[in-house]
Amino acid sequence: MESIAVVSPDAGGVERAQMVADELHVPTVVTIIKRRAAANQIQSMQIVGNVEGKICLIVDDLIDTAGTLCKAAGLLKDAGSLEVLALASHGVFSTGAMEKIENSALSRVIVTDSIPQNENMKRSKKLHVISLAPLLARAIMRVHEEKSLSVLFTPSHKAACE
């Protein structure tokens, strides 16, 4: 896993990126620092960490316009990343987002089906969707059995899900 770098697209997501890196046993966590000229306007972006020769996995909670995500992917590729993928819990994908993704340095974008993605999947072959159904089924079963739900949302919860 040394050829992978987990990337936080902003300073606020570093803890999330670290959790994903720990789960995947990836030693490299990289952060992208943004300087804003105004609200929703990025003046500059810089990478904190080394991505040269690595496959980068950008981890975020949601993707809306995909503007920052696509700029980050380009920055990572320019810095020597071999490939850039994005992983987010929720794919909102506002108008124009799928086109930005299609024309970006991203090789793949992975989201859950917390928001239906049927139409977006037609717009981009880069979009891959993971079903939340197994997690929701385990949650329902645990509630029915009067067991804790918190184990489903902590790192290395695999044993609790059996």
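1. How many salt bridges are there? Counting side-chain nitrogens of Lys or Arg within 4 Å of a carboxyl oxygen of Asp or Glu, the count comes to 6 salt bridges. Please keep in mind that this is a predicted model.

2. Have a look at Asp 60 and Arg 16, which form a salt bridge with their closest N and O atoms 3.5 Å apart. This pair links distant parts of the chain, as Asp 60 sits in strand 4 (residues 55–63) and Arg 16 in helix 1 (residues 14–24), 44 residues apart. Arg 16 is partly exposed, at 29% relative accessible area.

3. Glu 83 and Arg 108 make another salt bridge, with 4.0 Å between the closest N and O atoms. Glu 83 belongs to strand 5 (residues 83–91) and Arg 108 to strand 6 (residues 106–112), so the pair ties together parts 25 residues apart in sequence. Glu 83 counts as partly exposed at 25% relative accessibility, and Arg 108 counts as partly exposed at 36%.

4. In helix 4 (residues 118–123), Glu 119 and Lys 122 are 3 residues apart, or about one helical turn. Their side chains meet in a salt bridge (3.1 Å, N to O). Lys 122 is exposed, because its relative accessibility is 65%, whereas Glu 119 is partly exposed at 44%. Elsewhere, salt bridges that share partners join Arg 16, Asp 60 and Asp 61 into one network.

5. Finally, the surface carries a nonpolar patch formed by Val 143, Leu 149 and Phe 153, with about 290 Å² of accessible area together. Leu 149 lies in the segment after helix 5 (133–144) and is partly exposed, at 33% relative accessibility.

Notes: Residues are numbered from 1 along each chain as its sequence is written. This is a predicted model: local features need pLDDT of at least 70, side-chain atom pairs count only at pLDDT 80 or more; totals for chains, interfaces and linings use all residues. Side-chain values use heavy atoms; hydrogens and water are left out. Patches are made of residues with over 30% relative accessible area and no salt bridge: like charges are joined within 9 Å, nonpolar side chains (Val, Leu, Ile, Met, Phe, Trp, Tyr) within 5 Å. Accessible areas come from the Shrake-Rupley method with a 1.4 Å probe; for residues, only the protein chains shown count as cover. Helices (H or I, at least four residues) and strands (E, at least two) are DSSP runs, numbered from the N terminus. Buried means under 20% relative accessible area, exposed over 50%, partly exposed in between (1.4 Å probe, protein chains only).
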